[in-house]
Amino acid sequence: MALMHVENLKMHFSGIAAVDNLSFDVQEGSITSLIGPNGAGKTSVFNCMTGFYKATSGEIAFMGTSLINIKPYKITEMGIIRTFQNVRLFKNLTVLENVMSGAHSNTKQSVFGALLRPAAQRREEKEILERAEHYIDYIGISDKKGYLAKNLSYGDQRRTEWARALAANPKLLLLDEPAAGLNHDEKEKLLELISQFRDELGITVFIIEHDIDLVMKISEKVIVVNFGKKIAEGVPEAVRKDPLVIEAYLGRDS
Amino acid sequence: MKLRDRISSWLESKFIQAAASAALLAFMALLPLFTDNYYQNIVWNAFFYMLLALGLNIIVGYCGLCDLGYASKFAIGAYTTGILIKTYHWNFWATLPVSIIISIVSSVIIGLPTLKLRSDYLAIVTLGFAEIVRITARNLKITGAATGLIAIPRPTFFGIRLVKITHWYYVFLILVVIYIIISFRIRNSRFGRALAYIREDEDAAEAMGVNTSLYKLYAYVLGAVLGGVTGSFYAVKMTSISPGSFDFNQSVNVLLAVILGGMGKVPGVVLGAAFFALFPEFFRDIPVIGDMRMLFFGLLLIAVIIAKPQGLWPERNK
Ligand SMILES: Nc1ncnc2c1ncn2[C@@H]1O[C@H](COP(=O)(O)OP(=O)(O)OP(=O)(O)O)[C@@H](O)[C@H]1O
Ligand SMILES: [Mg+2]
């Protein structure tokens with residue numbers, strides 16, 4: 001059984017089909033990519049998978065459980081964590097506090113814990129802090145721990161978002177154009193990290209990318225969409241040679 | 001290092017913070033020994049605003065919700081206590097749990113349907129609700145209509161009848177300390193961080209697993225409860241309450257104190273409230289400026305909001 005199964009997914013916006021009858025699987029332990037030109041509907045697929053958009057029709061299932069009509073925070077609790085195309089950090093909070101938010105979905109102290117501070121709450125706070133610091137280290141931004149997110153360089157903002165996602169201990173990590181705006185070295189480092197996420201942390205990674213060459217290097221499977229429809233799927237080499245894919249990219253001049 | 005950075009790193013230092021807080025608290029505790037009733041009452045008024053501002057800060061500062069009717073929250077507490085004491089002859093302390101429960105119920109009724117909508121709706125609904133509370137209080141017999149409730153008996157505390165202004169000075173000082181502790185405990189907890197995540201970016205908060213509608217409701221209810229308790233104490237301190245004490249102006253004053261001091265930053269909110277309560281007093285007796293003090297105050301507020309939208313309290317960290 002695939003970790004994530006998407007079948008006949010449709011997402012319409014007042015008549016425009018952003019996602020049109022899309023079906024695909026993400027296998028457990030894989031690095032899978034969804035690529036396509038600008039406006040092809042990639043982010044819309046993510047938004048449907050994470051509950052931010054309500055799919056017009058179709059089925060999305062995670063480990064056999066349907067995600068249709070499930071609230072985003074519940075989907076996060078199930079172990080599906082996303083990043084955003086246009087980095088969305090908590091700007092007036094520190095890097096540490098940002099990354100601590102990752103631990104929210106699998107910890108539980110609430111109002112009374114906060115006010116009365118029982119032992120369970122203090123233990124959990126310590127665990128959240130340790131986990132956040134661990135992933136800040138892992139991503140390599142320890143020196144920025146106390147910075148406010150809004151004062152970070154663009155690359156560090158991206159890195160903070162990854163650390164935040166990892167701190168949630170995801171089963172499936174959804175990265176929306178993680179390389180956008182990064183320089184060459186940072187991109188190389190990103191590729192390395194993504195392989196590590198899978199190999200060291202055992203996370204299944206699903207990446208949206210705009211840039212074909214980048215994902216070709218690390219993906220086992222590539223799904224190509226154009227105008228919301230799937231036009232190719234398979235191993236990187238085969239997809240790259242696919243005439244429909246070449247046309248989609250050349251035809252759209254991107 | 002720029003002066004601003006130096007000030008903020010100095011304020012960050014734990015030791016300095018602890019020492020300054022202890023010194024300030026000691027000063028506040030000793031103040032009644034060398035001031036008369038008049039000044040104590042002015043400072044009491046500042047404490048009262050601090051309580052309101054700290055309560056509203058949970059809603060506005062911590063969670064980023066817009067509440068334009070905070071006066072209704074403390075009106076509910078004040079009337080609950082006032083009615084239970086006057087009409088049903090309850091002991092003041094026994095009215096507190098009831099005041100808390102009614103605050104919870106009313107804020108859930110308002111918050112549950114509205115907090116799911118876009119945040120601007122809450123502003124409108126809270127504004128409307130505050131007017132409903134005020135108009136209801138004006139027209140019901142049990143709330144004393146336009147006259148309000150008068151001659152509410154003073155409570156006793158460990159055998160002491162709280163009648164002197166000095167008593168109320170200390171009661172409210174203790175409350176301020178409790179509210180500050182509550183604020184800090186919330187701020188440094190999983191719950192409080194979740195509120196900050198919502199304030200900063202609601203979608204990203206949801207994506208990190210925060211049940212945003214539930215947490216917004218928690219923040220709203222908690223703010224309402226703190227306001228309700230403040231209202232209960234206000235009723236017995238003043239011994240009389242009327243619909244005029246809870247008008248739109250009050251809501252705006254408290255909201256401005258929170259914004260002025262720096263949304264979400266506890267020391268800033270406390271100073272904002274103090275400034276708000278004390279400012280008009282300082283200028284009252286000076287000719288010309290005294291008459292125009294509210295105009296001057298308004299201009300100052302506009303200047304602050306334009307120049308430092310994050311409030312006057314310095315930003316933490318880099
Ligand atoms: N909330 C929305 N309301 C209306 N139309 C939308 C919405 N979200 C996406 N669309 C439309 O759906 C189409 C696909 O958009 P989407 O953002 O999914 O594409 P994308 O492949 O992620 O593009 P990009 O590479 O630019 O990020 C576009 O035409 C877009 O305008
Ligand atoms: Mg996109």
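F172(B) touches W44(B), F47(B) and F48(B), leaving aside residues up to four places away in sequence. Contact here means that the C-beta atoms of two residues, placed from the backbone, lie within 7 Å. F172(B) sits in helix α7 (residues 165-187) of chain B. Helices (H or I, at least four residues) and strands (E, at least two) are DSSP runs, numbered from the N terminus. F172(B) is buried, because 22 other C-beta atoms lie within 10 Å. The term buried asks for 20 or more other C-beta atoms within 10 Å of a residue's own; 12 or fewer make it exposed, and anything in between partly exposed, with C-beta atoms placed from the backbone. F172(B) and V43(B) are 129 residues apart along the chain, yet their C-alpha atoms are separated by 9.8 Å.

This is a predicted model, in which local features need pLDDT of at least 70, side-chain atom pairs count only at pLDDT 80 or more, and totals for chains, interfaces and linings use all residues. Residues are numbered from 1 along each chain as its sequence is written, while chains are lettered from A and ligands numbered from 1 in the order in which they are written.

**Domains of chain B**

The domain assignment of chain B gives domain 1 (1-34) and domain 2 (37-260). Such bounds come from an automatic or database domain assignment. Taken over C-alpha atoms, the centres of domain 1 and domain 2 of chain B are separated by 27 Å. Their contact takes 4 residues from domain 1 of chain B and 5 residues from domain 2 of chain B. The side of domain 1 of chain B that touches domain 2 of chain B has 4 nonpolar, no polar and no charged residues. In this classification Ala, Val, Leu, Ile, Met, Phe, Trp, Tyr, Cys and Pro count as nonpolar, Asp, Glu, Lys and Arg as charged, and the others, Gly among them, as polar.

**Where the chains meet**

The contact takes 35 residues from chain A and 26 residues from chain B. On the side of chain A that touches chain B, α2 (72-77), α3 (95-100), α4 (111-116) and α5 (119-139) of chain A each supply at least two residues. By class, that side of chain A has 13 nonpolar, 14 polar and 8 charged residues.

**A sheet in chain A**

Four strands form an open sheet in the order β2-β1-β4-β5 (chain A), with antiparallel pairing. β2 and β5 of chain A stand at the edges with a single partner strand each, so one side of each has no neighbour in the sheet. Two strands pair if DSSP finds at least two bridges between them. The table gives two of these pairings.

| Strand pair | Sense | Bridges | One bridge |
|---|---|---|---|
| β1 (4-13) and β4 (57-62) of chain A | antiparallel | 5 bridges | V6(A) with I60(A) |

β4(A) and β5(A) form a hairpin with 2 residues between them. In that turn, M63(A) has a positive phi of about 50°.

**Positive phi elsewhere**

Most residues other than glycine have a negative phi. N21(A) has a positive phi near 55° and is not a glycine. N21(A) lies in strand β2 (residues 16-26) of chain A. It is partly exposed, with 14 other C-beta atoms within 10 Å. N169(A), also not a glycine, has a positive phi of about 50°. N169(A) lies in the loop between α6 (154-166) and β7 (172-176) of chain A. With 17 C-beta neighbours inside 10 Å, N169(A) counts as partly exposed.

**Helix α6 of chain A**

α6(A) has 13 residues and reaches 19 Å from its first C-alpha to its last, close to the 18 Å expected at 1.5 Å a residue. That expected span is 1.5 Å times one less than the number of residues. The helix α6(A) is mostly covered, with 11 of its 13 residues buried. Among them are W162(A), A163(A) and L166(A). The buried residues of α6(A) pack against β6 (80-82), α3, α5 and β7 of chain A.

**Around ligand 1**

The residues around ligand 1 include F13(A), K42(A), Q85(A) and H210(A). A residue counts as near a molecule if its C-beta atom, placed from the backbone, lies within 6 Å of it. Helix α1 (residues 42-49) of chain A gives the most to this shell, with 3 residues. By class, the shell around ligand 1 has 3 nonpolar, 8 polar and 1 charged residues.
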